[in-house]
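My notes are below the picture.

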Amino acid sequence: MAAGYAELLRTRHAARLLVGTLVGRLPNATGPIAIVLFTRAEGGSYSLAGALAAVYGLANAVGQPLLGRAVDLFGQPRVQLPAAVLSALGMVWLAFSGTGSAVVAYAAVVLAGLFTPPLEGGLRALWPGVLGGREERVHAAYAMDAVAQEVMFTVGPLLVTLFVAMWSPAGALLALNAIGVLGALSVVVSEPSRKWRSAPREAHWLGALRSRGLLALLGAFFFVGTALGSITVAGVAYADDHGGQAVYGWLMAALGLGALIGGVFYGARQWAGAPERRLRLLVGLLAVCYLPLMLVPGAVAMTALSALSGVFLAPALACAFIVVDRHAPAGTVTEAFSWLVTFFGVGAAIGTAAAGPAVELGGTAAGFGVAGVAGFSALLVLMVTQRALATGGRSRAVVASPDGVSEVASDVPSEVSSAS
């Protein structure tokens with residue numbers, strides 16, 4: 001399994017692009033917790049801290065698809081690096097102005113969130129060219145991408161706390177965003193990023209959202225995000241009754257570990273059949289694994305159940321990446337991946353909001369019940385929209401450019417691609 005990922009990373013440019021993207025996304029992965037810690041250190045209330053973090057997330061959700069469309073139209077370097085710099089300047093503004101003026105603080109986080117560069121979608125647009133257009137390698141790269149995300153979202157909060165301990169919350173904001181700009185710079189000066197061009201696109205105000213299959217997928221992953229958002233809040237309620245913050249840390253780490261294990265196993269083999277059908281199975285298993293959390297057993301058993309609840313997350317994400325690529329209209333691939341980030345993030349925010357009242361009304365088990373309901377809602381969306389997902393799936397046709405850099409040339413129906 002590890003050997004398969006190692007073989008991918010030995011491909012020219014692959015390791016640099018993956019690492020650069022992860023480093024470039026570090027400010028976004030750590031943004032909410034860094035904002036909360038900074039606001040509290042400045043004497044702001046929990047309400048202000050939460051509101052600033054929420055506004056940052058909302059601005060990010062709005063900006064990702066807009067910037068993704070700009071990348072498809074104008075290329076990666078012209079959009080990704082300026083966006084990274086503007087986003088970092090928003091956090092610098094917050095660090096130096098503080099939270100004394102709520103208006104200024106909100107403006108700073110809006111700037112930072114709105115211009116968060118769509119590096120995640122950009123990387124997935126680059127994989128086909130970097131990996132020579134071989135479908136099985138691209139699919140394995142998507143799985144590796146999903147695993148790497150889990151590592152980043154596990155390590156990121158640890159880095160925030162480390163930087164705060166070494167310097168201060170303001171110092172952590174500055175350091176993380178400086179590192180993020182360097183990561184984005186590493187990506188956009190690379191040969192694949194500089195030479196990448198989107199396929200020709202049909203002018204349409206809906207962009208990627210004119211694909212019914214993509215809309216179906218986005219609706220499903222809105223609810224997957226809702227499930228994860230609710231678990232973060234329900235986990236806090238559980239930890240309050242079973243040992244405090246240390247237990248919460250173990251629960252979240254176990255969920256991430258489960259996702260890592262699932263992603264590694266998923267990416268270790270090639271999968272036959274339509275990815276849309278496989279996605280329904282994976283989301284169904286994901287939903288089923290949320291249900292045992294409602295048992296709220298002792299801390300050791302609950303940690304094991306948390307790991308189980310994460311096992312099918314990375315495989316479902318990796319499979320979703322394939323489905324996005326198949327259903328995104330020509331010339332909208334970066335935008336389409338950015339919409340997935342947006343719907344997932346908005347779902348997570350709503351799950352966080354819904355779990356609180358659920359815990360207050362029905363206890364910790366009810367909080368985890370939100371995750372179960374959301375998981376099966378995601379499955380229901382995929383079941384109801386089977387026809388939309390079954391039609392319009394496409395594979396990318398990749399050709400070698402004269403300078404040796406592979407580029408996405410056009411989209412062709414999957415049955416034609418597989419026959420060639």
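Predicted model: local features only at pLDDT ≥ 70, side-chain atom pairs only at ≥ 80, totals over all residues.

Residues are numbered from 1 along each chain as its sequence is written, and side-chain values use heavy atoms, with hydrogens and water left out.

**Helix H14.** I looked up H14, which covers residues 299–310 and has 12 residues. Helices here are DSSP runs (H or I, at least four residues), numbered from the N terminus. From first C-alpha to last, H14 reaches 17 Å, close to the 16 Å expected at 1.5 Å a residue. That expected span is 1.5 Å times one less than the number of residues. Which residues of H14 are buried? They are Met302, Leu305, Ser306, Ser309 and Gly310; buried means under 20% relative accessible area, exposed over 50%, and partly exposed in between (1.4 Å probe, protein chains only). These residues lie on the same side of H14 because they cover an arc of only 140° around the axis, taken from the directions from the helix axis to the C-beta atoms.

**Thr116.** I found Thr116 in the loop between helix H6 (102–114) and helix H7 (119–130). Thr116 is buried, at 7% relative accessible area. Its side chain reaches the backbone oxygen of Gly113 at 3.2 Å.

**Helix H17.** Phe376 lies in H17 (residues 364–384) and is partly exposed, at 35%. Ala374 is also in H17, but is buried at 3%. I read 9.5 Å between the C-alpha atoms of Ala374 and Gly347, which are 27 residues apart along the chain.

Key. Helix = DSSP H or I, 4+ residues; strand = E, 2+ residues; numbered from the N terminus. Polar contact = N/O pair within 3.5 Å; in protein donor to acceptor, adjacent residues only side chain to side chain.
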